Amino acid sequence: MDNKIAIIGLGYVGIPLAVEFGKLTKTIGFDIDKSRINELKSGYDRTLEMSNDDLLSSKKLEYTTNINDIKNCNIYIITVPTPTDKIHRPVLKPLLNASETVAKYIKKNDIIIYESTVYPGVTEDECIP
């Protein structure tokens, strides 16, 4: 079976993963920020995690803001931020939104990986439901 990977969230965690996987296999880098996608397509990474050469060397990586582009993937890696509120509690909204989005497209035997910093139990108690 050919793997097709979706990286959900192209910040400082997601973009290095997307670039490295995109050197090896079909990879879709998804982000809701259109300006971010346009910058990455032009070879610029505002997080400075990846150089222009790194971005352009990843030949099997496509960038998109169109969520329908991830529907044929079979591995989903969620790398969205988990900010904290003013009393330092994690704000799970980005993570839950990403989970709901991926849930629309997952199929039997697909793999979902969370690369967001959260406390124990969030995946089982919050994301899976």
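Mentor: Helix α4 gives the largest share of the lining of the largest pocket, 4 residues. Helices here are DSSP runs of H or I with at least four residues, strands are runs of E with at least two, and both are numbered from the N terminus. This is a predicted model, in which local features need pLDDT of at least 70 and side-chain atom pairs count only at pLDDT 80 or more, while totals for chains, interfaces and linings use all residues. Residues are numbered from 1 along each chain as its sequence is written, and side-chain values use heavy atoms, with hydrogens and water left out.

The lining has 25 residues, and Gly9, Thr79, Val80, Pro81 and Pro94 lie nearest the pocket's centre. A pocket is an open set of points on a 1 Å grid over the protein atoms alone, where a 1.4 Å probe fits, with protein on both sides within 12 Å along at least five of seven lines; lining residues have an atom within 4 Å of a point. By class, the lining holds 11 nonpolar, 9 polar and 5 charged residues; Pro counts as nonpolar and Gly as polar. The volume is about 570 Å³, taken as the space filled by probe spheres set on points joined across faces, edges and corners.

Helix α4 also matters to the second largest pocket, giving the most to its lining with 5 residues. That pocket holds about 210 Å³ of space. Of its 13 lining residues, Ser99, Ala103, Tyr114, Cys127 and Ile128 are the closest to its centre. Its lining divides into 10 nonpolar, 1 polar and 2 charged residues.
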